[in-house]
Amino acid sequence: MSELFSLFLAAVLINNIVLTKFLGICPFLGVSKKLDSAFGMGVSVIFVIVGASIMSYGLYYLVLVPLGIEYMKLITFILVIATFVQFTEMFIKKYSPALYKSLGIYLPLITTNCVVLQVALDNISNEFNFIEMVIYSFAVPAGFMMVLLLFATIRERLETSEIPEAFKGNPIALVVAAIMALAFSAFAGLV
Amino acid sequence: MPSNLITAILYAMVIAAVYAIFYYLNHKTPLPKGCENLKVECEGCKISSCELHPSHNIKEEVHG
């Protein structure tokens, strides 16, 4: 149990996917201007990563390994993610218009989020069992969402701050991200 | 041709077909009322090939 907790904590804080591996920078910068948008994006990312990871993990061990075509994992995972996003979008369009209004617009953006593919590949390369895979697949996007929300609150304050002209917009956002990465590096010895 | 390679090609065709079916079904599903003009407020990166990049909206306005 403590190992699973360590895995969760490490994925959220110590090896945060945005601040240590610099993945998912596009939505991190693009959808962090408002807290509402950041929240919607974060929830959508958690949902898609958990779902796509479970499907890709199952396909790898139940289809690719028995057929001896493990080298097809990259194309499989890309298509599984894209298919899962299409299915999810279609499902909530039809059965939950309110949910589509709040989250649906973020779904196509998630297809291009490299964090989703990285998590699916990590689950295989780290040889996780099913429980570890689910914990890791939830922890990574949870860490992504936490950093995205923190970043969004800082950027909202930056909008009303006095910033030199040359630093306005993305330059000051990247400086903030660098300071956040430095701050998060202090968690390194936690687990 | 080794059987492993044929299996891989068939497998790739199957998963690509599954994706194509879901893509078609998704685009055929009508948008809920009030969601026709939803847009992500993304002004982040400079990757102009991304479909959400604001430059695509400008082009649409110019040509439209």
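Are α4(A) and α9(A) roughly parallel or roughly antiparallel to each other? This is a predicted model, in which local features need pLDDT of at least 70, side-chain atom pairs count only at pLDDT 80 or more, and totals for chains, interfaces and linings use all residues. Residues are numbered from 1 along each chain as its sequence is written, while chains are lettered from A and ligands numbered from 1 in the order in which they are written.

The confidence of the predictor in each residue is given by pLDDT, from 0 to 100. Chain A has a mean pLDDT of 87, with 99% of its residues at 70 or more. Helices are DSSP runs (H or I, at least four residues), numbered from the N terminus.

Helix α4 (residues 35–67) of chain A and α9(A) have axes that come within 9 Å and cross at roughly 165 degrees. α4(A) and α9(A) are therefore roughly antiparallel to each other, a term for angles over 145 degrees. The residues of their contact divide into 19 nonpolar, 4 polar and 1 charged. Here Ala, Val, Leu, Ile, Met, Phe, Trp, Tyr, Cys and Pro count as nonpolar, Asp, Glu, Lys and Arg as charged, and the others, Gly among them, as polar.

Two loop residues remain. F22(A), in the loop between α2 (17–21) and α3 (25–30) of chain A, is not a glycine, yet has a positive phi of about 55 degrees. F22(A) is exposed, with 12 other C-beta atoms within 10 Å; exposed means 12 or fewer such atoms within 10 Å, with C-beta atoms placed from the backbone. E127(A) lies in the loop between α8 (114–125) and α9 of chain A. E127(A) also has a positive phi of about 55 degrees although it is not a glycine, and counts as exposed with 8 C-beta neighbours inside 10 Å.

Technical notes
Buried ≥ 20, exposed ≤ 12 C-beta atoms within 10 Å, placed from the backbone. Axes fitted to C-alpha atoms, helices over the stretch in contact; angles between N-to-C directions. Parallel < 35°, antiparallel > 145°, perpendicular 65-115°, else oblique.
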